[in-house]
Amino acid sequence: MKVNTFQHLQQIRDKFGPGLFGKIAQKLLALALYEAGFFNIVEREVQGADIDATNIMGKKYTLEVKTTDGENIPISRENIEALKDRTKDGYSPVIAALRMQMFEDWVFANIPLGNLRPGSLPLSRLRAYRLQDLETSVYPAFEIVVNQHFSNVLAGGEYYLSQVLAQRRSERN
Amino acid sequence: MFYLMRVEIRNFRGFADAQELKFDEPVILLSGENHRGKSSTLNAVEWCLFGGTCVGKNTGIRERIGWEIPNRYVPEGSVLVEVEFKGPDGNYVVTRELSGTGRRASEKIIVQLPDGTKLQGDDAEHQIYTLFHSSFQHFMTTVYQHQEAIRDTLTQEPRNRNAAIDRLLGLSEYKELVQGITDAKTENIYRAMESDLEIFRKRAAEDVRIYNKEAAEKKKEAIAEGMTQEDITAQGALHRAKVVGQAVMSLAQGLGLSDLQIATPRSLGEVAKFRKEATERIDHVFLQSPDVKEQQTLQTEQGELGRLIGEYQDARTATARAQEELNEFTRQHGDETTLEEAAKAQQVEITKVEEQIHKSNARANLVREAIQYLKELVSDIDRRRCPLCGADKPKLLDQLETEWKEKIKVEVSALELQRKEHQDKLLNLESFKDRLKKLKRVLLEAHSSAEECTNKVGAILERKIGKHDDPLALLNAQLQKITLKLESRKKALEKKGQERIAIFDQLAKLRTIDDILNLERKREVVEHIWDTKEFGELDKLRDQASQFAEDVQAIKSCVAAASRKEAETKISAAGTGLDKYFCRIANHPTIRGLVIEVTEDSRTGLNSYNIKSKDGLDPTPILSQGDLNCLALSLFFGLAEAAGGTQPFAFLMLDDPTQSLGPEMKQQFVSVLEEIAKHRQLVTSTPDVEFKDLLMTNITKSKAVYDFLDWTEKNGPRIARNA
C-alpha cells in the first residue's frame, strides 16, 4: 500500500478509533471490490460473513474482514461458522486481513476452515494461503477508493460510505 | 510359527566366552540375582534378529541410547549371537556377528536355512523379514516384554506414562517423528525471517516518517516566506533555476563580463550542481569585475596611505619630543663643554683635599702611635717622660689624647667629608654627560626615522619631497583624493550588490525547494523498495516459508493422527485381553475392568491415554504401582493375543515381569502364564524367588531352569541348567 494511502487510513482511524475504523475499512474494501470489477457484492454490517463478491469469471468469494495493528487477528467461532455457512452456496471462504502498519497491505487468504480454530490467528499463517489474483486486482482499486473518498470519509465516516455503497448497488441494478 | 530352540552368545554385553543355552522345553526360566546376565540373554535374541535397529533413541527405550553391544571388559574378540528357531519346515539358524568398535565396527549376518543353505548380508536380512514379518517395534510389543517398558509405565506422571504406553503399543517411531518435528521448530525459521523483515519495515517506516516531517516543516516555512505549492515542484524548481541563471548572466554583463555562460538544469537532479555553480560564478563575477578590482586597489592604497600618515606623524612627534628633552636638559645642566669644565674643577678640588688629608694623616699616625706607646708602659715614671727627648712631661699622655680627640680626628673627618662631596659632584657630572649623549642619539634616530618616512611618502606619491614640502599635507591631500574615488565606486557597485543579494535570495529559495523535493524523493525511494522485483521475490519466499511451516504442521498433524489411529486400532484389538488380564492379575476390589481411550494432547499433538474403569471413573489416582504393572503386562498380553493369529513367533519373552506385584498378584499372574503356556513357549527371566517357586509349582508344562549363579568381568555369567 502506498504511503499516502496508509496515511489517509491512519488519519481515519485516529479520528474514529479502531472499532469504527474496522467497519470503515470493510466498506472501503467493498467499494474497492466494485472498483476492481466484482459484482453481486453484499456488505453486511451485522450477522454473517462481512462481504460476498463475485469476480468477472464468476468465482464467488465470501470475506471475513479483519483489521489489526499487531501481528494477530481474532477469529471467533461465529466468524468460522459464518464463512462455513456461505460455502454451502458455493462461496470460497476468505480471510481479508489488513495490518495497519506502513508498507503493509491487505492479505486475502483462503485458509482451510478445518485449519481455523477460534482464538488468535497469526497473520503470518495466512501467507501460505494467499490469493494472489484477488490481491493483485484489489490493491490498486483500494488505493483509488481510499484516495477518492478520504476527505468525505473523514467528514462523514461510516454513514457516508454506506450511502456510497447503496448508490453503487443501485447503479449496478 | 517359530519356536526358540537354542541361543549361543559370545562377548555380547555381559557375556564373555561363548555359552549356549538350549530352549528345548515349553517353559524356560532364567533365574538369578540382578547383574548376572539374564536380560542380556533375552536382549541377545532380539539383537540377533534386529541388529542396530534395537539400539538407540528410535527404540523409544531410554536405556537403549548409547547401549553397548560388545562386552566392555573383553576388548578383543568379536561379538557373536546365534539363535536357532524351529519353523514349520525345519530349523533356521540366525547368526549375527559384530567386530570392531565405533566407526570401524562391521556387522555380519548369516541365516542358515533348513537345507543347510547359508544366506549373508542383505539376503540374510531379507530372509529374516520374509520369515518373521516382524519389525523391532512389533517384536517389542507382542513378543518381548521389556522390563524397561514396565518400569516406565509405573509412573503417575501422565506425560511419561503416555510415552510408555506409546512404546508398549509400538508407536514410539510416530512419537519420535512428532517430537522431532516439534523440536526442529521449523516455524521459528519463518518467524525469524518475518522478525527481520518487521525490523526492516519499521526502519523504513521511521525513515518515511522523518522525511515526511522534515519536508512538511520546510514546506510550511517556504509557504510562510511567500512560495506557492506550484513553486515547490520539479517544474517550479527548474523554472526558478532558469531565472537565476539569467540573473547571473545579466549581473556579469552589468559588471563588465560579457562572456559568462551558465548552464541551467534540465532535471531536478542537476539543481544542486547548478546552485553550487551559480554561487561560485556570482562570487567570481564580482571579484573579477573591473569596478570591484579598482575598488579593491583604491582600498589598498587608502590603507597604505593611512598607515604612512600614522607612521609619519609618529616620526614627527618622536623628533619633537627628543629635541625638547635635549633642550630642557641643556637648560638645566648645561651643554657638553660646561659639564666637562665643571668636572675638571671638581677633580682639582678632590686632589687638593686629598693632599691635606695626607698631611694630617702623617701627624695623626705619630700621635696615635705615641698614645699607644705610652699606654703600654708599666711604670708611671716612664709615662711622665717624653719618649723622644726624655724630658719630664708628667701630662704627656693626657695632652696627646686630648689633641687626638679634639683636633686631629675632627680635622681629618672634615677633610674626608669635603673629598666625598667633590667626588659625588664629579659622579653627577659624569652621569649628566652620559645622559646628554643618549639624548643626542635619540634625537638623531628620530631625525633618521622622519627622513625615512619622508622618503616613503615620496615613493608612494611618486615625487621628490623638497625641504619646503609638508609630507603630511601631501599625504592627506592624496588620501582625500582616494576617498572621493572610493565613494564614487561604492555608489556604482551598490546597485550591482543588490542584484547579487537578490540572486542569492533566489538561490536560497531554490535550495529550500530542492531540499523538500529531495526529501520527497528519498521517501519515494524507500516506498519503491516494496515495488521492486527483489521485494516481490522476497514476498514469494515469505509465502513459501509460510507454506512450508503450514506443510510441516500438516505433516505433524498427519503423523500424530496416524499414531492415534494405530493406537486406537491396537487398543481396540487388545481391549478384550487387556480387560481380561488386568482383572485376573490385579484382582482389584473396586476396579472391575479397564478401558484405555486415546486422545490428542492439544499442546504437543502426541497421544494422550486416558485410563478409565468400566464405570467411567478415572482409576489412576487409586492405581498402585502393582496395578500399573498389571496394566502394562495386560496391555502386552492383550497385544500379543491380538496378534496371535498372524504372529510368526510361537514364544513370548518376559523380562522381570513381576516388578511391584504383591504375592496375590504374582499368584494370579502365574495362573495367567499357565494359560498362555498352553499355546505359547514362554521364556521368562526373574530375580524373584517367590515368582520362581510359584512358576515351578503351578505351571504344568515341562520346564527348564537356567540358574545364573554369578558373574565375573573375565568369564561373564556362570550358568547352570536345572530341570
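Reply: The crossing of H13(B) and H14(B) is left-handed, that is, the near helix is turned anticlockwise from the far one by less than a right angle; clockwise would be right-handed. This is a predicted model, where local features need pLDDT of at least 70 and side-chain atom pairs count only at pLDDT 80 or more, while totals for chains, interfaces and linings use all residues. Residues are numbered from 1 along each chain as its sequence is written, and chains are lettered from A and ligands numbered from 1 in the order written.

H13 spans residues 396–461 of chain B and H14 spans residues 471–529 of chain B. Helices here are DSSP runs (H or I, at least four residues), numbered from the N terminus. The axes of H13(B) and H14(B) are 10 Å apart, at an angle of about 30°. An axis is a line fitted to C-alpha atoms over the stretch in contact, and angles run from 0 to 180 degrees between N-to-C directions. The angle therefore makes H13(B) roughly parallel to H14(B) (under 35 degrees; over 145 is roughly antiparallel, 65 to 115 roughly perpendicular, the rest oblique).

On the H13(B) side, B:Thr454, B:Val457 and B:Leu461 meet B:Pro471, B:Leu474, B:Leu475 and B:Gln478 of H14(B); contact needs C-beta atoms, placed from the backbone, within 7 Å. An α-helix has 3.6 residues a turn, so residues three or four places apart point the same way. By class, the contact of H13(B) with H14(B) has 5 nonpolar, 2 polar and no charged residues. Nonpolar means Ala, Val, Leu, Ile, Met, Phe, Trp, Tyr, Cys and Pro; charged means Asp, Glu, Lys and Arg; the others, Gly among them, are polar.

Terms used
Helices (H or I, at least four residues) and strands (E, at least two) are DSSP runs, numbered from the N terminus. Two residues are in contact if their C-beta atoms, placed from the backbone, lie within 7 Å.
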